[in-house]
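Welcome, and please open your viewer. We will walk through this structure one selection at a time.

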Amino acid sequence: MQATAKTVLATALLGIAWIGVIGFGVRALLSYESAPGRVGVLPRTWPAESAIQRADDRPTLIMLAHPRCPCTRASIGELAQIMSQVQGKVVAYVLFVKPSESGADWEDTGLRRSAERIPGVKVLSDVDGVEARRFGAETSGHTVLFDADGRLLFSGGITESRGHAGDNAGENAIVSLVNNHTSERAETFVFGCSLTNHGQTGAGLPCLK
């Protein structure tokens, strides 16, 4: 009987420990998903040195992205939703960071192909993240919107958390700014991989703050 009691006690303690580990893991995951990425110095007007052509008759939207960031799949999906609601009213670009020393396969990803399939979106390469720095973007999925006069209207992410698709404040703000010329939000958090961490080239690139 004593041995049985010890076995039961040991099993119970192991069960409690396992539940604790699971709970800790869940909390860590939730914390990770809701932790925003870094943002650089934001230009309040269109950077004069930018090589991107800004429209002077409608707003211009730019998303800065890492071609191998799994979190950015959700951002590209939300961009498609935005474009379906602002057809013809905005000029849109997705700029994928490309290290100058990388090969042609660096950007040959499903993420880039998904962006290229969005009607009205022009996809370009951002060699060494030069444009990303000009627009203050340090995290994949960072999206900026400028008006026809080159004034910054919105800066931030268009997902509610890391890799989370669905209705969110960033998407709503952009659609409202383009269609109604007003919005309650001008900035949101950005969730995704670091645009400056070029060293990690694997398909399983972790999302970094």
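This is a predicted model: local features need pLDDT of at least 70, side-chain atom pairs count only at pLDDT 80 or more; totals for chains, interfaces and linings use all residues.

**Stop one: a pair of strands**

Residues are numbered from 1 along each chain as its sequence is written, and side-chain values use heavy atoms, leaving out hydrogens and water.

Now widen the selection to strand 4 (residues 142-146) and strand 5, which run antiparallel and are joined by four bridges. Strands here are DSSP runs of E with at least two residues, helices are runs of H or I with at least four, and both are numbered from the N terminus. Two strands pair if DSSP finds at least two bridges between them.

How many residues of strand 5 are buried? Select residues 152-156 and you have the strand, with four of its five residues buried. Buried means under 20% relative accessible area, exposed over 50%, and partly exposed in between, using a 1.4 Å probe and protein chains only.

**Stop two: the rings**

The structure holds three aromatic pairs. Rings of Phe, Tyr and Trp (its six-membered ring) pair if their centres lie within 6.5 Å; planes under 30 degrees apart count as stacked, over 60 as edge-to-face and the rest as tilted.

Select Trp-46 and Phe-135: their ring centres are 5.1 Å apart and their planes stand at 75°, so this pair is edge-to-face. Trp-46 sits in the loop between helix 1 (2-33) and strand 1 (60-65) and Phe-135 in the loop between helix 4 and strand 4, so the pair ties together parts 89 residues apart in sequence. Both Trp-46 and Phe-135 are buried.

With ring pairs joining them, Trp-46, Phe-135 and Phe-146 form a cluster.

Select Asp-128, in the loop between strand 3 (121-127) and helix 4 (130-134). Asp-128 is not a glycine, yet has a positive phi of about 60°. Its relative accessibility is 27%, so Asp-128 counts as partly exposed.

Finish at His-181, in the segment after helix 5 (169-180). His-181 has a positive phi of about 60° although it is not a glycine, and at 69% relative accessibility it counts as exposed.
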